[in-house]
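Hello,

Here is the structure I promised to pass on. My notes on it follow below, so please read them with the model open beside you.

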Number of protein chains: 2
Amino acid sequence: MKELEERIAQEGRIIDGRIIKVDGFLNHRIDTKLLNRMGEEFYRLFGDLGVTKILTAEASGIAVAVIAAQYFDVPVVFAKKAKSDNIEGGLYASEIYSYTYNRKVTFLVSKQWLCAEDRVLIIDDFLANGEALRGLIDIVALAGAQLMGVGVAVEKGFQEGGKRLRERGINLQSLAIIEGVEDGVFRFRQQ
Amino acid sequence: MKELEERIAQEGRIIDGRIIKVDGFLNHRIDTKLLNRMGEEFYRLFGDLGVTKILTAEASGIAVAVIAAQYFDVPVVFAKKAKSDNIEGGLYASEIYSYTYNRKVTFLVSKQWLCAEDRVLIIDDFLANGEALRGLIDIVALAGAQLMGVGVAVEKGFQEGGKRLRERGINLQSLAIIEGVEDGVFRFRQQ
(Lines give C-alpha, C1' and ligand atoms only; values in the text may rest on other atoms or scores of the structure.)
Protein backbone atom coordinates (compact mmCIF):
# COMPACT_ATOMS: atom_id res chain seq x y z
CA MET A 1 0.00 0.00 0.00
CA LYS A 2 1.75 3.06 -1.36
CA GLU A 3 0.44 5.56 1.19
CA LEU A 4 1.56 3.44 4.14
CA GLU A 5 5.02 2.93 2.61
CA GLU A 6 5.33 6.68 2.15
CA ARG A 7 4.39 7.37 5.77
CA ILE A 8 6.92 4.79 6.98
CA ALA A 9 9.58 6.33 4.74
CA GLN A 10 8.81 9.84 6.02
CA GLU A 11 8.23 9.23 9.72
CA GLY A 12 9.59 5.79 10.56
CA ARG A 13 12.75 5.47 12.57
CA ILE A 14 15.14 2.65 13.37
CA ILE A 15 16.39 2.02 16.90
CA ASP A 16 19.32 -0.28 17.65
CA GLY A 17 19.14 -1.52 14.07
CA ARG A 18 16.15 -3.73 14.87
CA ILE A 19 13.17 -1.80 16.24
CA ILE A 20 11.15 0.11 13.68
CA LYS A 21 9.22 2.94 15.26
CA VAL A 22 6.06 4.13 13.57
CA ASP A 23 4.43 5.35 16.74
CA GLY A 24 3.47 8.69 15.20
CA PHE A 25 0.63 7.15 13.23
CA LEU A 26 0.20 3.47 14.07
CA ASN A 27 0.80 2.37 17.64
CA HIS A 28 0.94 5.24 20.11
CA ARG A 29 -0.48 8.24 18.28
CA ILE A 30 -3.06 6.92 15.81
CA ASP A 31 -3.93 8.54 12.49
CA THR A 32 -7.51 7.36 12.07
CA LYS A 33 -7.71 8.60 8.46
CA LEU A 34 -4.76 6.46 7.43
CA LEU A 35 -6.22 3.54 9.37
CA ASN A 36 -9.46 3.96 7.48
CA ARG A 37 -7.71 3.64 4.16
CA MET A 38 -5.85 0.61 5.53
CA GLY A 39 -9.18 -0.90 6.55
CA GLU A 40 -10.48 -0.36 3.04
CA GLU A 41 -7.39 -2.10 1.66
CA PHE A 42 -7.84 -5.08 4.01
CA TYR A 43 -11.41 -5.28 2.75
CA ARG A 44 -10.19 -5.30 -0.85
CA LEU A 45 -7.81 -8.17 0.03
CA PHE A 46 -10.10 -10.29 2.24
CA GLY A 47 -13.62 -8.95 1.65
CA ASP A 48 -14.91 -11.87 -0.42
CA LEU A 49 -13.98 -14.64 2.02
CA GLY A 50 -17.15 -14.61 4.12
CA VAL A 51 -15.31 -13.52 7.26
CA THR A 52 -17.54 -13.62 10.37
CA LYS A 53 -15.07 -12.32 12.96
CA ILE A 54 -11.87 -10.32 13.18
CA LEU A 55 -9.38 -11.43 15.82
CA THR A 56 -6.54 -9.27 17.10
CA ALA A 57 -4.40 -8.88 20.23
CA GLU A 58 -4.30 -6.06 22.73
CA ALA A 59 -3.14 -3.39 22.69
CA SER A 60 -1.95 -1.86 19.44
CA GLY A 61 -3.74 -4.32 17.16
CA ILE A 62 -7.10 -3.08 18.39
CA ALA A 63 -7.13 0.25 16.56
CA VAL A 64 -6.27 -1.30 13.18
CA ALA A 65 -8.76 -4.13 13.68
CA VAL A 66 -11.80 -2.11 14.77
CA ILE A 67 -11.43 0.43 11.97
CA ALA A 68 -11.09 -2.41 9.43
CA ALA A 69 -14.07 -4.23 10.96
CA GLN A 70 -16.32 -1.34 9.94
CA TYR A 71 -15.77 -2.36 6.31
CA PHE A 72 -16.37 -6.05 6.98
CA ASP A 73 -19.38 -5.35 9.19
CA VAL A 74 -18.35 -8.04 11.67
CA PRO A 75 -17.39 -7.89 15.36
CA VAL A 76 -13.81 -7.77 16.61
CA VAL A 77 -12.52 -10.02 19.37
CA PHE A 78 -9.23 -9.06 20.94
CA ALA A 79 -7.04 -11.49 22.86
CA LYS A 80 -6.18 -10.26 26.33
CA LYS A 81 -2.64 -10.51 27.59
CA ALA A 82 -3.09 -11.19 31.29
CA LYS A 83 -5.74 -12.72 33.44
CA SER A 84 -7.74 -9.92 34.99
CA ASP A 85 -10.61 -10.25 37.46
CA ASN A 86 -12.94 -9.48 34.60
CA ILE A 87 -12.26 -12.69 32.68
CA GLU A 88 -13.72 -15.85 34.13
CA GLY A 89 -13.15 -19.47 33.14
CA GLY A 90 -13.85 -20.90 29.72
CA LEU A 91 -10.83 -19.52 27.92
CA TYR A 92 -8.70 -20.39 24.94
CA ALA A 93 -5.08 -19.75 25.94
CA SER A 94 -1.86 -19.61 23.97
CA GLU A 95 1.55 -18.71 25.32
CA ILE A 96 3.92 -16.63 23.23
CA TYR A 97 7.25 -14.93 23.76
CA SER A 98 6.96 -11.16 23.49
CA TYR A 99 10.12 -9.59 22.07
CA THR A 100 8.60 -6.18 22.80
CA TYR A 101 8.50 -6.87 26.52
CA ASN A 102 11.17 -9.60 26.69
CA ARG A 103 8.93 -12.02 28.54
CA LYS A 104 6.35 -14.73 28.07
CA VAL A 105 2.80 -13.54 27.55
CA THR A 106 -0.37 -15.60 27.49
CA PHE A 107 -3.11 -14.66 25.05
CA LEU A 108 -6.59 -15.33 26.38
CA VAL A 109 -9.89 -15.37 24.51
CA SER A 110 -13.21 -16.24 26.08
CA LYS A 111 -14.77 -19.35 24.50
CA GLN A 112 -18.01 -17.41 24.41
CA TRP A 113 -16.77 -15.12 21.63
CA LEU A 114 -15.11 -17.52 19.21
CA CYS A 115 -16.67 -20.76 17.99
CA ALA A 116 -16.23 -23.55 15.45
CA GLU A 117 -18.61 -21.85 12.99
CA ASP A 118 -16.46 -18.72 12.79
CA ARG A 119 -14.52 -17.76 9.67
CA VAL A 120 -11.74 -15.68 11.18
CA LEU A 121 -9.57 -12.93 9.79
CA ILE A 122 -6.64 -12.08 12.05
CA ILE A 123 -5.47 -8.47 11.87
CA ASP A 124 -2.42 -7.04 13.62
CA ASP A 125 -0.28 -3.92 13.38
CA PHE A 126 3.16 -5.55 13.17
CA LEU A 127 4.78 -8.76 12.05
CA ALA A 128 8.43 -9.44 12.88
CA ASN A 129 9.28 -12.89 14.27
CA GLY A 130 5.60 -13.87 14.15
CA GLU A 131 5.15 -14.91 17.76
CA ALA A 132 2.01 -12.84 18.32
CA LEU A 133 0.40 -14.17 15.15
CA ARG A 134 1.37 -17.74 16.05
CA GLY A 135 -0.50 -17.28 19.33
CA LEU A 136 -3.59 -15.90 17.59
CA ILE A 137 -3.53 -18.71 15.00
CA ASP A 138 -3.32 -21.22 17.88
CA ILE A 139 -6.44 -19.71 19.39
CA VAL A 140 -8.35 -19.99 16.11
CA ALA A 141 -7.35 -23.67 15.99
CA LEU A 142 -8.33 -24.24 19.63
CA ALA A 143 -11.77 -22.82 18.82
CA GLY A 144 -12.04 -25.19 15.84
CA ALA A 145 -12.73 -22.11 13.72
CA GLN A 146 -11.57 -21.57 10.17
CA LEU A 147 -8.67 -19.21 9.53
CA MET A 148 -9.46 -17.26 6.38
CA GLY A 149 -6.42 -15.01 6.36
CA VAL A 150 -4.00 -12.81 8.23
CA GLY A 151 -3.76 -9.10 7.52
CA VAL A 152 -0.80 -7.13 8.83
CA ALA A 153 -0.10 -3.42 8.56
CA VAL A 154 3.72 -3.47 8.66
CA GLU A 155 5.86 -6.55 8.12
CA LYS A 156 9.57 -6.61 8.80
CA GLY A 157 10.52 -8.71 5.79
CA PHE A 158 14.07 -9.16 7.05
CA GLN A 159 12.81 -11.20 10.02
CA GLU A 160 11.48 -14.74 9.70
CA GLY A 161 7.85 -14.43 10.79
CA GLY A 162 6.26 -13.74 7.41
CA LYS A 163 8.27 -16.42 5.64
CA ARG A 164 7.27 -19.05 8.21
CA LEU A 165 3.57 -18.20 7.98
CA ARG A 166 3.58 -18.26 4.17
CA GLU A 167 5.38 -21.62 4.22
CA ARG A 168 2.52 -22.96 6.35
CA GLY A 169 0.20 -21.99 3.48
CA ILE A 170 -1.46 -19.19 5.41
CA ASN A 171 -3.07 -16.42 3.37
CA LEU A 172 -0.92 -13.61 4.78
CA GLN A 173 -1.16 -10.13 3.31
CA SER A 174 0.94 -7.25 4.62
CA LEU A 175 0.17 -3.69 3.55
CA ALA A 176 3.86 -2.76 3.67
CA ILE A 177 6.86 -5.09 3.83
CA ILE A 178 10.11 -3.49 4.91
CA GLU A 179 13.03 -5.37 3.38
CA GLY A 180 15.71 -3.30 4.98
CA VAL A 181 17.05 0.13 5.80
CA GLU A 182 20.25 1.50 4.36
CA ASP A 183 21.59 4.91 5.35
CA GLY A 184 18.23 5.74 6.86
CA VAL A 185 16.35 4.91 3.66
CA PHE A 186 13.63 2.25 3.87
CA ARG A 187 13.50 -0.37 1.15
CA PHE A 188 10.13 -2.07 0.57
CA ARG A 189 9.28 -5.38 -1.05
CA GLN A 190 7.49 -4.99 -4.38
CA GLN A 191 4.02 -6.53 -4.11
CA MET B 1 -27.75 6.92 25.52
CA LYS B 2 -30.81 4.70 25.26
CA GLU B 3 -29.31 2.07 22.94
CA LEU B 4 -26.30 1.51 25.21
CA GLU B 5 -28.53 1.24 28.30
CA GLU B 6 -30.63 -1.37 26.50
CA ARG B 7 -27.57 -3.43 25.54
CA ILE B 8 -26.30 -3.31 29.13
CA ALA B 9 -29.75 -4.34 30.39
CA GLN B 10 -29.92 -7.24 27.93
CA GLU B 11 -26.35 -8.54 27.98
CA GLY B 12 -24.62 -7.11 31.04
CA ARG B 13 -23.86 -9.35 33.97
CA ILE B 14 -22.80 -8.76 37.55
CA ILE B 15 -20.01 -10.78 39.14
CA ASP B 16 -19.37 -10.80 42.88
CA GLY B 17 -21.76 -7.88 43.21
CA ARG B 18 -19.13 -5.44 41.96
CA ILE B 19 -17.81 -6.28 38.49
CA ILE B 20 -20.10 -5.39 35.60
CA LYS B 21 -19.32 -7.45 32.54
CA VAL B 22 -20.22 -6.05 29.14
CA ASP B 23 -17.53 -7.94 27.30
CA GLY B 24 -19.92 -9.10 24.59
CA PHE B 25 -19.97 -5.69 22.93
CA LEU B 26 -17.53 -3.32 24.63
CA ASN B 27 -14.29 -4.74 25.94
CA HIS B 28 -13.50 -8.19 24.63
CA ARG B 29 -15.85 -8.75 21.71
CA ILE B 30 -16.46 -5.35 20.13
CA ASP B 31 -19.65 -4.34 18.33
CA THR B 32 -18.29 -1.71 15.94
CA LYS B 33 -21.77 -0.57 14.88
CA LEU B 34 -22.71 0.27 18.45
CA LEU B 35 -19.33 1.96 18.94
CA ASN B 36 -20.02 4.06 15.88
CA ARG B 37 -23.25 5.35 17.33
CA MET B 38 -21.43 5.99 20.61
CA GLY B 39 -18.79 7.95 18.69
CA GLU B 40 -21.53 10.03 17.13
CA GLU B 41 -22.98 10.70 20.58
CA PHE B 42 -19.58 11.77 21.95
CA TYR B 43 -19.34 14.15 19.01
CA ARG B 44 -22.76 15.58 19.83
CA LEU B 45 -21.58 16.15 23.42
CA PHE B 46 -18.05 17.47 22.78
CA GLY B 47 -17.93 18.33 19.08
CA ASP B 48 -17.99 22.11 19.46
CA LEU B 49 -15.05 22.39 21.88
CA GLY B 50 -12.24 22.58 19.34
CA VAL B 51 -10.70 19.29 20.46
CA THR B 52 -7.30 18.65 18.84
CA LYS B 53 -6.53 15.24 20.34
CA ILE B 54 -8.29 12.30 21.96
CA LEU B 55 -6.44 10.60 24.80
CA THR B 56 -7.24 7.11 26.08
CA ALA B 57 -5.52 4.22 27.84
CA GLU B 58 -4.67 0.78 26.54
CA ALA B 59 -6.26 -1.60 26.05
CA SER B 60 -10.03 -1.47 26.04
CA GLY B 61 -10.27 2.32 25.74
CA ILE B 62 -8.64 2.19 22.31
CA ALA B 63 -11.61 0.82 20.38
CA VAL B 64 -14.06 3.39 21.74
CA ALA B 65 -11.58 6.23 21.23
CA VAL B 66 -10.51 5.49 17.64
CA ILE B 67 -14.07 5.02 16.42
CA ALA B 68 -15.10 8.30 18.09
CA ALA B 69 -12.02 10.06 16.66
CA GLN B 70 -13.36 9.51 13.14
CA TYR B 71 -16.16 11.97 13.95
CA PHE B 72 -13.79 14.53 15.50
CA ASP B 73 -11.24 14.12 12.72
CA VAL B 74 -8.33 14.26 15.20
CA PRO B 75 -5.64 11.73 16.14
CA VAL B 76 -5.86 9.43 19.14
CA VAL B 77 -3.01 9.01 21.61
CA PHE B 78 -3.20 6.04 23.94
CA ALA B 79 -1.30 5.81 27.21
CA LYS B 80 0.80 2.66 27.45
CA LYS B 81 0.77 0.64 30.62
CA ALA B 82 4.30 -0.70 30.82
CA LYS B 83 7.64 0.38 29.54
CA SER B 84 8.39 -1.62 26.41
CA ASP B 85 11.56 -1.49 24.35
CA ASN B 86 9.61 0.52 21.81
CA ILE B 87 9.18 3.57 24.02
CA GLU B 88 12.25 5.69 24.58
CA GLY B 89 12.80 8.56 26.99
CA GLY B 90 10.80 11.77 27.00
CA LEU B 91 7.69 10.47 28.68
CA TYR B 92 4.85 11.79 30.76
CA ALA B 93 4.19 9.24 33.51
CA SER B 94 1.39 8.83 36.01
CA GLU B 95 0.98 5.97 38.45
CA ILE B 96 -2.45 4.61 39.19
CA TYR B 97 -3.88 1.66 41.07
CA SER B 98 -5.64 -0.78 38.77
CA TYR B 99 -8.55 -2.52 40.49
CA THR B 100 -8.92 -4.72 37.41
CA TYR B 101 -5.46 -6.20 37.91
CA ASN B 102 -5.03 -5.49 41.64
CA ARG B 103 -1.68 -3.76 41.19
CA LYS B 104 -0.05 -0.46 40.47
CA VAL B 105 0.19 0.51 36.83
CA THR B 106 2.11 3.39 35.28
CA PHE B 107 0.58 5.21 32.34
CA LEU B 108 3.16 6.47 29.86
CA VAL B 109 2.71 8.93 27.02
CA SER B 110 5.52 10.14 24.79
CA LYS B 111 6.07 13.90 25.08
CA GLN B 112 6.25 13.94 21.32
CA TRP B 113 2.52 13.26 20.95
CA LEU B 114 0.95 15.61 23.51
CA CYS B 115 1.85 19.27 23.89
CA ALA B 116 0.76 22.47 25.63
CA GLU B 117 -1.20 23.61 22.57
CA ASP B 118 -3.45 20.55 22.64
CA ARG B 119 -7.13 20.70 23.57
CA VAL B 120 -7.68 17.20 24.85
CA LEU B 121 -10.78 15.04 25.10
CA ILE B 122 -10.24 11.93 27.23
CA ILE B 123 -12.33 8.92 26.24
CA ASP B 124 -12.51 5.64 28.12
CA ASP B 125 -14.77 2.61 28.20
CA PHE B 126 -15.39 2.40 31.94
CA LEU B 127 -15.50 4.64 34.99
CA ALA B 128 -15.73 3.10 38.46
CA ASN B 129 -13.38 4.47 41.11
CA GLY B 130 -11.83 6.82 38.58
CA GLU B 131 -8.18 5.79 38.97
CA ALA B 132 -7.56 5.36 35.23
CA LEU B 133 -9.11 8.73 34.43
CA ARG B 134 -7.15 10.39 37.24
CA GLY B 135 -3.96 9.09 35.60
CA LEU B 136 -4.96 10.37 32.17
CA ILE B 137 -5.95 13.77 33.60
CA ASP B 138 -2.53 13.93 35.32
CA ILE B 139 -0.86 13.35 31.97
CA VAL B 140 -2.85 16.15 30.32
CA ALA B 141 -1.70 18.45 33.16
CA LEU B 142 1.93 17.29 32.85
CA ALA B 143 1.79 18.21 29.15
CA GLY B 144 0.41 21.64 30.04
CA ALA B 145 -2.45 20.88 27.67
CA GLN B 146 -6.05 21.91 28.15
CA LEU B 147 -8.58 19.30 29.26
CA MET B 148 -11.79 19.96 27.35
CA GLY B 149 -13.79 17.05 28.66
CA VAL B 150 -13.99 13.41 29.62
CA GLY B 151 -16.28 11.02 27.76
CA VAL B 152 -17.02 7.61 29.24
CA ALA B 153 -19.08 4.78 27.80
CA VAL B 154 -20.26 3.12 31.03
CA GLU B 155 -20.10 4.72 34.47
CA LYS B 156 -20.75 2.78 37.65
CA GLY B 157 -22.70 5.52 39.41
CA PHE B 158 -22.63 3.64 42.71
CA GLN B 159 -18.85 4.05 42.94
CA GLU B 160 -17.15 7.33 43.73
CA GLY B 161 -15.14 8.08 40.57
CA GLY B 162 -17.73 10.09 38.67
CA LYS B 163 -18.75 12.13 41.70
CA ARG B 164 -15.13 13.06 42.46
CA LEU B 165 -14.43 14.16 38.88
CA ARG B 166 -17.61 16.26 38.68
CA GLU B 167 -16.73 17.89 42.03
CA ARG B 168 -13.42 18.93 40.48
CA GLY B 169 -15.44 20.79 37.84
CA ILE B 170 -14.46 18.44 35.05
CA ASN B 171 -16.83 18.24 32.07
CA LEU B 172 -17.58 14.54 32.42
CA GLN B 173 -20.24 12.92 30.25
CA SER B 174 -21.09 9.23 30.52
CA LEU B 175 -23.25 7.58 27.88
CA ALA B 176 -24.79 5.25 30.47
CA ILE B 177 -24.66 5.54 34.26
CA ILE B 178 -25.56 2.41 36.18
CA GLU B 179 -27.01 3.35 39.57
CA GLY B 180 -27.43 -0.17 40.77
CA VAL B 181 -28.70 -3.65 40.08
CA GLU B 182 -31.60 -5.25 41.94
CA ASP B 183 -32.67 -8.82 41.27
CA GLY B 184 -30.61 -8.80 38.08
CA VAL B 185 -32.30 -5.65 36.76
CA PHE B 186 -30.06 -2.68 35.95
CA ARG B 187 -31.19 0.75 37.11
CA PHE B 188 -29.80 3.74 35.17
CA ARG B 189 -29.44 7.38 36.18
CA GLN B 190 -31.82 9.68 34.27
CA GLN B 191 -29.76 12.14 32.19
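A word on terms before the residues: I call a residue buried when its relative accessible area is under 20%, exposed when over 50%, and partly exposed in between (1.4 Å probe, protein chains only). A salt bridge is a side-chain nitrogen of Lys or Arg within 4 Å of a carboxyl oxygen of Asp or Glu. For charge, Lys and Arg count as positive and Asp and Glu as negative, while His and the chain ends are not counted.

Please keep in mind that this is a predicted model, in which local features need pLDDT of at least 70, side-chain atom pairs count only at pLDDT 80 or more, and totals for chains, interfaces and linings use all residues. Residues are numbered from 1 along each chain as its sequence is written, chains are lettered from A in the order in which they are written, and side-chain values use heavy atoms, with hydrogens and water left out.

**The two chains**

Helices (H or I, at least four residues) and strands (E, at least two) are DSSP runs, numbered from the N terminus. B:E5 belongs to helix α1 (residues 2–11) of chain B. B:E5 is buried but has no salt bridge, and the nearest side chain of opposite charge, B:K2, is 4.0 Å away. Taking contact as heavy atoms within 4.5 Å, B:E5 touches B:A176, B:F188 and B:R189, not counting residues up to four places away in sequence.

A:D125, in strand β8 (residues 119–127) of chain A, is also buried and without a salt bridge; here the nearest side chain of opposite charge is B:K80, 7.2 Å away. What does the side chain of A:D125 make a polar contact with? The partner is the side chain of A:S60, at 2.7 Å. (A polar contact is a pair of N or O atoms within 3.5 Å; within protein, one must be able to donate a hydrogen and the other to accept it, and residues adjacent in sequence count only if both atoms are side-chain atoms.) Leaving aside neighbours within four places in sequence, the contacts of A:D125 include A:L26, A:N27, A:V64 and A:V152.

**Salt bridges**

Over all chains, the count comes to 31 salt bridges. In one of them, B:D31 and B:R7 meet at 2.9 Å, N to O. B:D31 lies in the loop between β3 (29–30) and α2 (32–46) of chain B and B:R7 in helix α1, so the pair ties together parts that are 24 residues apart in sequence. B:D31 is buried at 18% relative accessibility, and B:R7 is buried at 15%. In chain A, salt bridges that share partners join A:R7, A:E11 and A:D31 into one network.

A:K104 pairs with A:E95, their closest N and O atoms being 4.0 Å apart. A:K104 is exposed, at 58%, whereas A:E95 is partly exposed, at 48%.

**Helices and a buried lysine**

The expected span of a helix is 1.5 Å times one less than its number of residues. A:D31 caps the N-terminal end of α2(A), with a side-chain oxygen 3.0 Å from the backbone nitrogen of A:K33. Among the buried residues of α2(A) are A:L34, A:L35, A:M38, A:F42 and A:F46.

In chain B, the 12 residues of α4 (residues 131–142) should span 16 Å, and the end C-alpha atoms are 16 Å apart. Just after α4(B), B:G144 takes a positive phi of about 70°.

Lastly, A:K21 sits in strand β2 (residues 19–21) of chain A and is buried, at 5%. A polar contact of 3.2 Å joins its side chain to that of A:D23.

Best wishes
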